[in-house]
Amino acid sequence: MNPKIAHFILQNNPVTPCLIFDVDEVENHYQLLRQMLPKGRIYYAVKANPAMAVLKRLVKLGACFDAASWEEIALCLEAGAQPNSISFGNTIKKVSAIRAAYGAGIRLFAFDCREELEKIAQNAPGSLVYCRLLVDGYKAEWPLSRKFGTTVESAHDLMCEARTLGLDPYGLSFHVGSQQLSVEAYEVAIARVASLFEELKIEGVNVRMLNLGGGFPVSYADDVPSIDNFTKAISNTISRYFGDVWPEVLLEPGRFIVGKAGVVYTEAVLVSARGARNGVRWVYLDIGRFGGLAETENESIRYAIHAWRGVESDFYREKESDLAPVVLAGPTCDGADILYEKAHYMLPQDLKSGDRLIILSAGAYVSTYCSTSFNGFPPLAEYYI
Ligand SMILES: *Cc1c(COP(=O)(O)O)cnc(C)c1O
């Protein structure tokens with residue numbers, strides 16, 4: 001447990017549910033990734049957590065930004081980011097958004113099909129563009145790939161076409177899926193991009209940027225390979241294919257930068273045996289699938305959840321013998337609002353209604369996935385400390 005966050009809870013006893021977020025952790029993770037891959041330029045994926053405090057800290061550190069909408073671009077600009085540090089990385093953009101971005105000085109756009117390329121050519125003439133490739137999701141716990149990206153063959157034609165349309169065919173990108181546990185996913189994707197790089201160079205296309213996307217995992221209930229496993233594999237693979245003359249390398253981490261920085265403080269609204277003979281209690285929290293924990297869908301992201309014992313410095317670890325199995329669910333009237341039924345969650349046997357709990361590593365993809373007022377519940381309160 002982050003001691004600064006524990007201290008904040010003890011001092012303020014905030015109303016639950018809320019996200020408490022240590023902005024210094026953003027800096028720590030940003031610097032760590034920079035150290036591990038000094039040749040890469042970091043474009044923080046704003047969607048992971050677009051809080052102004054996060055964006056401002058990253059601006060101060062010299063980060064760049066991967067934005068998915070005009071609204072996210074506007075947030076980055078408001079935080080002080082320069083237009084040339086922002087990439088409009090969504091391959092699905094409204095024409096009005098492309099125009100607004102271009103008007104604000106954004107000159108870097110992603111695409112994965114002819115239609116989108118033409119939209120960019122018309123509404124952001126002369127801009128730098130990069131084509132997103134379809135890659136295998138491997139062991140991504142929150143996969144993205146099926147929805148985005150195109151084949152190597154089609155990317156080849158589209159990059160040539162970009163030049164014809166008066167755009168600058170700047171680079172190629174992929175995203176191996178979020179919470180990716182396999183370094184091999186990056187190795188295979190880089191190999192695929194490298195061969196296309198060669199082919200495009202032969203065609204005389206001035207392709208010079210490789211965008212590795214995000215996907216770097218953080219530990220939740222289970223540990224994950226540490227970041228150096230990924231950065232070493234990435235470095236080695238790029239060097240294998242490009243030698244000493246690397247293309248410009250962009251990274252778009254979201255989860256890795258903010259995931260560890262946030263803790264959700266929550267209350268057990270009800271602890272119920274529900275007449276079950278197997279002794280499995282149902283614990284209904286005041287946050288669920290619709291309160292921000294959307295990534296529990298299919299029990300994909302398994303958060304570490306513990307009873308809050310009010311201990312400031314060292315995180316209280318329950319004794320195994322004091323724990324008993326639970327099903328975890330949210331507070332809404334929706335039957336889909338169950339967090340974990342199959343995953344084996346254990347909480348103290350003496351847990352009762354009104355007790356507080358903490359959900360660790362909740363800094364990414366929680367605050368924004370929260371519904372506005374389903375069942376009348378207000379959006380998740382957020383504290384950036
Ligand atoms: C969501 C997203 C990211 C961030 O992914 P993480 O797994 O959170 O690192 C990066 N790039 C693009 C294009 C994305 O859609």
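Me: How many cavities of 30 Å³ or more does a search of the whole structure find?

Reply: The model is a predicted one. A search of the whole of it finds three cavities of 30 Å³ or more.

Me: What makes a space a cavity rather than a pocket?

Reply: In a cavity a 1.4 Å probe fits but cannot get out, whereas a pocket is an open set of points. The largest cavity holds about 50 Å³ of space. Its lining includes Ala45, Lys47, His175, Phe216, Arg255 and Tyr365.

Me: What classes of residue line the largest cavity?

Reply: Four residues of the lining are nonpolar, five are polar and three are charged. Gly214, Gly215 and Gly254 are among the lining residues, and Gly counts as polar here.

Me: Which residues make the contact between H2 and H3?

Reply: H2 contributes Val23, Asp24, Val26, Glu27 and Tyr30, while H3 contributes Ala53, Val54, Arg57 and Leu58. By class, this contact has six nonpolar and three charged residues, with no polar ones.

Me: How much space lies in the largest pocket, and which residues are the closest to its centre?

Reply: The largest pocket has about 510 Å³ of space. It is lined by 22 residues, of which Lys47, Asn90, Arg132, Leu144 and Phe148 are the closest to the centre. Strands E3 (64-67) and E6 (128-132) each supply at least two residues of this lining. The classes are eleven nonpolar, five polar and six charged residues.

Me: Which element supplies the largest share of the lining of the second largest pocket?

Reply: The second largest pocket contains about 360 Å³ of space. Of its 15 lining residues, Ile305, His306, His344, Tyr345 and Met346 are the closest to the centre. Strand E14 (305-307) and strand E16 (338-348) each supply at least two residues of the lining, and E16 gives the largest share, with five. By class, the lining divides into nine nonpolar, two polar and four charged residues.

Definitions and conventions
Residues numbered from 1 in each chain as written. Predicted model: local features only at pLDDT ≥ 70, side-chain atom pairs only at ≥ 80, totals over all residues. Heavy atoms only, no water. Contact = heavy atoms within 4.5 Å. Helix = DSSP H or I, 4+ residues; strand = E, 2+ residues; numbered from the N terminus. 1 Å grid on protein atoms, 1.4 Å probe; cavity = no way out; pocket = protein on both sides within 12 Å on 5 of 7 lines; lining within 4 Å. Points joined across faces, edges and corners; volume = space filled by probe spheres on them.
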